[in-house]
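I opened a notebook page for a structure that was new to me. I wanted to look at the ligand site and then at the backbone.

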Amino acid sequence: MRIQVPATTANLGPGFDSCGLALDLYLTLTVCEESSAWQIEHQLAGDIPKDETNMIIQVAKKIAPDLKPHRLVMESDIPPARGLGSSSAAIVAGIELANQLADLGLSRDEIVRLAVEFEGHPDNVAPAILGGLVVCAKQPDRDFYLQHAFPDAAILAVISEEALLTSESRAVLPRELSYSDAVQASSVANVMVAALVAGDLRLAGEMMERDLFHETYRAKLVPHLIEIRKKVAEFGGYAAVLSGAGPTVLVLAPHEVSETLRQELCGLGFEAEVKQLRAEPSGVRVFK
Ligand code: HSE
């Protein structure tokens, strides 16, 4: 059995902690034979555990404590700590692992509810489960969300070589916004979402770059955002926004300018890889 979970980009500018989009990079978990102890084989860089302290297994065991240990093989082309939902993908893989091995029959809605409990906010986990664009509101009593197809556009991700932890990127945000700033910020977000649903990427892109919730504060951690934004405007792209908490910058553009833009972004000389991605419509999938 294989469990495949897509990468995600959260926020899309002003949809802070609320909007997310699934992308076609994947974490793939192959479930092999039962074993005397949990093991998870992978070739990923860094100190990602290979035993039962791995996040995927921890999540699965919290959902189904009596699971029998298995040998697992993980492959992932989602770079860690780059704002592309790598930890959300791991959480979703862990929930689905428990769902399948313990035959829990969890619905997608139940998987979203559990994933939000683990992650804390829904903007990465919900699109990783449902695919496409997901707009969410986490409320004290329950979470609300709606999935919608993402309009057709070229998507470029400028993925820095340097990692940036979400905790570090959240630490630079203000504790409070004034009432009038909050009204301004949410009105921009509302128009952004309405424009995406209407398929008007030009308007959506303009609203994305008018975010008032987080990007101004985070720009000091991701200084190349401004330079990328200038290039995107010059070459007819729709927008450049931080992907989640950064440092990846997500660029949306019409298909006809995307190759030129890709070359221009590569030519800026940042220590970054520029990847052409697509919106991922399906979310988590299980192959048996
Ligand atoms: N909405 C979150 C943030 C996404 O921007 O901090 C990263 O978890």
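The entries below follow that order.

Entry 1. I noted that this is a predicted model.

Entry 2. The space it takes is the largest pocket. Two elements give two or more residues to the shell around the ligand: helix 4 (122–130) and helix 5 (166–171). I also checked the domains. Domain 1 (2–149 + 281–287) and domain 2 (154–277) both contribute residues to this shell, so the ligand lies between them.

Entry 3. I listed the residues around the ligand. Among them are Ala10, Phe16, His121, Asp123, Asn124, Thr166, Arg170, Gly244 and Ala245. Sorted by class, the shell holds 3 nonpolar, 5 polar and 4 charged residues.

Entry 4. For oxygen atoms of the ligand, I found a polar side-chain atom of asparagine 11 at 2.8 Å and a side-chain N or O atom of arginine 218 at 2.8 Å. I then looked up the cover: the ligand taken alone exposes 260 Å², and the protein buries 96% of that.

Entry 5. I turned to the backbone. Most residues other than glycine have a negative phi, and most peptide bonds are trans. Leucine 12 has a positive phi, near 50°, and it lies in the loop between strand 1 (2–10) and strand 2 (19–34). The peptide bond from glycine 246 to proline 247 is cis, with omega near 5°. Proline 247 is in the loop between strand 8 (239–242) and strand 9 (249–253).

How values were computed:
Residues are numbered from 1 along each chain as its sequence is written. This is a predicted model: local features need pLDDT of at least 70, side-chain atom pairs count only at pLDDT 80 or more; totals for chains, interfaces and linings use all residues. Side-chain values use heavy atoms; hydrogens and water are left out. A residue is near a molecule or strand if one of its heavy atoms lies within 4 Å of it. A polar contact is a pair of N or O atoms within 3.5 Å; within protein, one must be able to donate a hydrogen and the other to accept it, and residues adjacent in sequence count only if both atoms are side-chain atoms. Accessible areas come from the Shrake-Rupley method with a 1.4 Å probe; for residues, only the protein chains shown count as cover. On a 1 Å grid over the protein atoms alone, a cavity is a set of points where a 1.4 Å probe fits but cannot get out, and a pocket is an open set with protein on both sides within 12 Å along at least five of seven lines; lining residues have an atom within 4 Å of a point. A molecule sits in a cavity or pocket if more than half of its atoms lie within 2 Å of its grid points. Helices (H or I, at least four residues) and strands (E, at least two) are DSSP runs, numbered from the N terminus. Ala, Val, Leu, Ile, Met, Phe, Trp, Tyr, Cys and Pro count as nonpolar, Asp, Glu, Lys and Arg as charged, and the others, Gly among them, as polar. Domain bounds come from an automatic or database domain assignment.
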